[in-house]
Amino acid sequence: MALWYLMSLFVFVYISITLWKRRGKPPGPFGFPLVGYLPFIDTRKPYETFTHLAKRYGSVYGLWMGQVYTVVLADPNIIRLVLSKEESTGRAPLFITHGIMGGYGIICAEGALWRDQRRLSIEWLRRLGMVKFGPTRSDLEQKIIDGINELTQDIDASIKIESGFNPSPAIHHVLGNLMNNLIFGLSYEKTNSTWQYLQHLQEEGVKHIGISMAVNFLPILRYLPSTRRIIDFLLSGKSKTHKIYDEIIANARNQVETESYNSCILTSFLKESAKRQNVDRADAAFCSDKQLRHLMADLFGAGVDTTFTTIRWALLYIALHPNVQERLREELQQRLPPHQTPTLDDVEFLPYLCATIAEVQRIRTVVPVGIPHGTTKEITIAGFRIPSNTMIMPLIWAVHMDPTVFAEPDTFKPERFLDIEGRFVTSSNFLPFQVGKRMCPGDELARNILYLYISHIVLRYSFEIPREDISSIDLSGECGITLTPPHYRIAFTKTE
């Protein structure tokens with residue numbers, strides 16, 4: 001009987017404390033002591049769990065994920081408003097961002113370091129061609145097309161294979177080398193062991209970080225054998241990658257000193273670092289080698305992973321919808337001069353291409369739960385009090401799959417992004433690169449890559465999923481940091 005009274009007292013005290021903590025905060029589900037709502041989140045499809053909760057509690061709700069209080073935003077207007085605030089530019093207190101990455105780089109950084117490195121990164125990307133017009137844009141476009149031409153050699157070779165082939169490794173190679181060129185000023189052969197390791201690490205690292213989500217909120221889990229193996233893999237990969245980067249940095253530093261370097265983000269960083277150190281600037285610490293290693297890893301990983309994943313989804317959906325593929329090809333053939341390949345200048349005349357890419361980005365949002373932010377001080381959202389150090393989760397999946405905005409959201413319909421006159425249009429509910437002060441700094445580069453890759457492939461080839469594979473393809477994908485498609489084979493045929 002005494003035990004029953006103790007348990008009842010404990011439940012009463014827990015509920016009373018929870019209700020007291022919720023004063024003025026958004027509504028949301030209850031959880032268990034210590035672990036919060038974590039046991040109820042679908043680890044395979046966490047975005048669906050959060051979307052169901054939004055339907056129950058509204059477009060702003062709060063819940064405890066382990067020891068981290070989290071506010072989920074599922075309304076695009078509120079997302080835009082909140083993420084535009086300086087107070088929401090922090091990073092949530094997660095083990096990955098603060099423990100493994102130490103707050104360095106650009107993804108995990110915050111405060112003055114983040115502002116400085118974001119400004120520099122955008123400036124350097126613009127110098128390399130991430131602009132609307134000019135000679136540098138043409139140079140960047142040619143680099144993208146060079147990679148596409150290399151990719152088509154692999155596709156041409158696969159045509160002899162009746163069962164088709166998996167294009168993902170070939171795409172990963174050429175797209176990765178584009179980013180290698182922009183960031184490091186170098187490129188690798190396919191068979192290079194260092195390059196093969198870096199590609200493997202990126203793919204597995206993205207999956208493991210997603211799988212190990214709970215350790216972000218319950219640090220004690222890092223001591224479990226299964227979780228420890230994942231963390232050891234991430235830490236070991238980080239250490240090995242940084243050793244590779246150290247060799248690249250040393251070579252680049254010598255090239256900068258002898259003025260015999262290729263223009264890239266690495267050499268721009270080294271020059272900026274030297275300039276600050278020479279005049280003993282206070283912000284010279286922002287350009288340390290430690291920051292450089294993390295920054296290069298962030299720019300490479302973010303630059304490759306999201307765009308690579310979107311291209312994979314696009315080819316899969318276009319292969320599964322021959323009517324979309326045929327309309328795309330007709331638009332390209334009708335609006336381009338004979339035997340001319342698509343350029344970035346042609347994009348404005350290709351609305352169905354833009355609509356198809358947008359629909360891919362909508363129906364399979366690459367980062368369905370957004371990149372979590374953190375509040376640096378107490379703020380108010382929709383009349384609710386949000387404490388400092390709260391994790392802010394922009395639930396992009398719920399926005400993109402809202403049936404009141406996108407009718408039949410599970411149906412692939414590029415036409416939803418065309419107006420009655422056939423022009424490409426989007427709405428405030430379309431957030432493929434997030435929004436606000438921390439939105440993707442490489443959005444223009446990503447768009448250019450998507451336009452060129454999809455248009456060139458569709459114009460050159462007719463392609464389909466082998467009939468025996470169609471029934472086994474699971475379009476729900478695999479959720480790590482990004483939502484990736486299943487492995488698939490494509491059978492290509494030249495259209496010429």
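Which residues does Leu266 touch, not counting residues up to four places away in sequence? The points below answer this and go on from there.

1. This is a predicted model. In it, Leu266 touches Ile183, Phe184, Ile248, Ile249, Ala252, Leu292 and Met296, leaving aside residues up to four places away in sequence.

2. Leu266 belongs to the largest nonpolar core, which has 118 residues. Leu266 is listed there with Phe50, Met65, Leu315, Tyr453 and Phe463 as the residues with the most contacts inside this core. Helix 12 (residues 289-320) gives the most to the core, with 15 residues. Another core lies apart from it and has 16 residues, including Val71, Leu83, Ile396 and Val435. In soluble globular proteins, nonpolar side chains tend to be buried together.

3. Helix 5 (residues 111-127) passes a simple length check. Its 17 residues, at 1.5 Å a residue, should span 24 Å. The end C-alpha atoms are 25 Å apart, which agrees.

4. The buried residues of helix 5 are Leu113, Trp114, Asp116, Gln117, Arg118, Leu120, Ser121, Ile122, Trp124 and Leu125. Just after helix 5, Gly129 takes a positive phi of about 120°.

5. Helix 6 (residues 135-158) and helix 16 (residues 443-460) have axes that come within 10 Å and cross at roughly 40°. Angles under 35 degrees would count as roughly parallel. The two helices are therefore oblique to each other. Their crossing is right-handed.

6. The contact between these two helices can be listed by residue. From helix 6 come Leu140, Glu141, Ile144, Ile145, Gly147, Ile148, Asn149, Leu151 and Thr152. They meet Leu445, Asn448, Ile449, Leu452, Tyr453, His456, Ile457 and Arg460 in helix 16. Tyr453 is also among the residues with the most contacts inside the largest nonpolar core.

7. Two backbone points deserve a look. Most residues other than glycine have a negative phi. Asp280 is not a glycine, yet has a positive phi of about 55°. Asp280 sits in the loop between helix 11 and helix 12. Its relative accessible area is 68%, so Asp280 is exposed.

8. Glu408 is the other point. Glu408 has a positive phi of about 50° and is not a glycine. The loop between helix 15 (396-400) and helix 16 holds Glu408. Glu408 counts as exposed because its relative accessibility is 51%, and the cut-off for exposed is over 50%.

Note on methods:
Residues numbered from 1 in each chain as written. Predicted model: local features only at pLDDT ≥ 70, side-chain atom pairs only at ≥ 80, totals over all residues. Heavy atoms only, no water. Core = buried A, V, L, I, M, F, W, Y, C linked by side-chain atoms within 4.5 Å. Buried < 20%, exposed > 50% of the residue type's maximum accessible area, 1.4 Å probe, protein only. Helix = DSSP H or I, 4+ residues; strand = E, 2+ residues; numbered from the N terminus. Contact = heavy atoms within 4.5 Å. Expected span 1.5 Å × (residues − 1). Axes fitted to C-alpha atoms, helices over the stretch in contact; angles between N-to-C directions. Parallel < 35°, antiparallel > 145°, perpendicular 65-115°, else oblique. Left-handed = near helix turned anticlockwise from the far one by under 90°.
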